[in-house]
Amino acid sequence: MQSLQIRKLRLHFPQLALRRRLGQLSCMSRPALKLRSWPLTVLYYLLPFGALRPLSRVGWRPVSRVALYKSVPTRLLSRAWGRLNQVELPHWLRRPVYSLYIWTFGVNMKEAAVEDLHHYRNLSEFFRRKLKPQARPVCGLHSVISPSDGKILNFGQVKNCEVEQVKGVTYSLESFLGPRTSAEDLPFPPATSCSSFRNQLVTREGNELYHCVIYLAPGDYHCFHSPTDWTVSHRRHFPGSLMSVNPGMARWIKELFCHNERVVLTGDWKHGFFSLTAVGATNVGSIRIYFDRDLHTNSPRYSKGSYNDFSFVTHANKEGIPMRKGEHLGEFNLGSTIVLIFEAPKDFNFKLKAGQKIRFGEALGSL
């Protein structure tokens with residue numbers, strides 16, 4: 001009987017000690033607690049199922065997979081990757097490195113303006129390779145074309161001020177485009193509710209808001225172009241996270257596009273409001289807009305949660321930057337996402353299917 005009690009005490013001592021330790025952790029500041037619990041969480045997901053189950057009996061709970069992923073320093077890693085991309089490769093190493101990338105991601109080098117792999121001095125030049133002029137004919141019959149190569153994740157009419165990043169997963173339109181803070185600096189005044197926010201975007205009676213999300217895979221053509229004839233009047237840069245934007249991750253993390261770094265270009269086309277947003281992703285060293293030399297993405301001087309506005313409307317140029325359909329607009333250093341949000345009449349029709357592959361210059365929709 002005495003030996004049985006001693007055995008029970010021995011079993012309880014580790015749990016009591018662990019409870020005491022967890023109690024000490026709960027008294028720590030949030031950053032310190034997060035740092036201490038992080039290794040345990042990693043082990044929880046890596047070790048065989050149930051290996052750390054005894055911890056749950058004393059009150060410990062693992063950080064969720066989403067929170068764990070969000071804690072990864074993707075901005076720092078992407079910045080390092082961007083620096084690595086700039087390193088010039090030895091002439092003899094270029095063909096095997098690029099050939100491996102071509103084989104892995106299915107790159108079609110026959111479309112490239114320069115097919116010789118030795119021409120590209122570093123990975124960055126290879127990612128941003130130009131295409132032959134005849135490789136992407138621009139459709140002239142439809143009013144809106146695809147601005148890039150990629151995969152159609154979602155499209156349709158914007159409802160309840162929410163946009164679908166993938167089927168069944170939505171994000172707030174106002175969170176994505178940002179608050180309307182200054183009527184003097186922005187092309188539309190501030191909004192106080194969902195309906196009024198939508199009303200500030202839809203400038204003409206009888207029109208509706210539409211959206212289209214295009215995912216660029218690592219093997220796709222990395223430049224993007226103007227999807228229609230329009231005038232860019234404003235740029236807003238959100239220096240957010242740089243999480244992966246592949247469709248699987250988009251289903252996993254709610255409002256992913258609102259968390260990630262992005263560059264929102266807004267302006268007008270013949271039917272009213274028009275915007276194109278370039279969304280950053282893990283290992284995207286930079287987002288470049290050709291006519292915007294002041295834009296610097298993935299920079300340590302910008303903090304997450306902020307945004308920076310720039311107006312292209314000046315005293316000398318009261319209209320903004322005119323863009324022609326198919327004209328070069330910008331580029332990514334690796335695959336990412338383009339989101340179009342625009343105003344159009346109710347009879348606007350998309351010529352698309354969710355999940356289909358599309359190439360720059362092909363029709364997105366028309367009246």
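Two strands pair if DSSP finds at least two bridges between them, and I keep to that rule throughout these entries on what is a predicted model.

**Entry 1: a three-stranded sheet**

I began with an open sheet of three strands, which I traced in the order E6-E13-E10 and found to be antiparallel in its pairing. Strand E6 (223-225) and E10 are the edges, and each has a single partner strand, so one side of each is left without a neighbour in the sheet. Ignoring direction, I noted that neighbouring strands here are turned by 20° against each other on average. Looking at E6 and E13 in particular, I found three bridges between them, in the antiparallel sense, and for phenylalanine 224 the bridge partner in E13 is glycine 330.

**Entry 2: the partners of strand E2**

Next I followed strand E2 (residues 150-157), which is joined to strand E16 (residues 357-358) by two bridges, the two running antiparallel. E2 also runs antiparallel to E5, and there I found six bridges.

**Entry 3: serine 148**

I then turned to the loop between strand E1 (144-145) and E2, where serine 148 is found. Is serine 148 buried or exposed? Its relative accessibility is 0%, and because buried means under 20% relative accessible area, I count serine 148 as buried. Setting aside neighbours within four places in sequence, I listed the contacts of serine 148 as Ile214, Leu216, Cys223, Phe224, Ile338, Ile358, Arg359 and Phe360.

**Entry 4: the nonpolar cores**

Last, I looked up the largest nonpolar core, which has 31 residues, and Leu340 and Phe342 are the ones that touch the most other members. At least two residues of this core come from each of several strands, among them E5 (207-215), E7 (230-238), E8 (262-269), E9 (272-279) and E13 (328-332). Strand E14 (337-345) is also on that list, and its four residues are the largest share of the core. Not counting residues up to four places away in sequence, leucine 340 touches Val144, Pro147, Tyr210, His211, Cys212, Pro227, Phe274, Ser275, Leu276 and Leu364. Apart from this core I noted another, of 20 residues, including Val163, Val202, Val264 and Ile341. As a general point, nonpolar side chains tend to be buried together in soluble globular proteins.

Methods: Residues numbered from 1 in each chain as written. Predicted model: local features only at pLDDT ≥ 70, side-chain atom pairs only at ≥ 80, totals over all residues. Heavy atoms only, no water. Core = buried A, V, L, I, M, F, W, Y, C linked by side-chain atoms within 4.5 Å. Buried < 20%, exposed > 50% of the residue type's maximum accessible area, 1.4 Å probe, protein only. Contact = heavy atoms within 4.5 Å. Axes fitted to C-alpha atoms, helices over the stretch in contact; angles between N-to-C directions.
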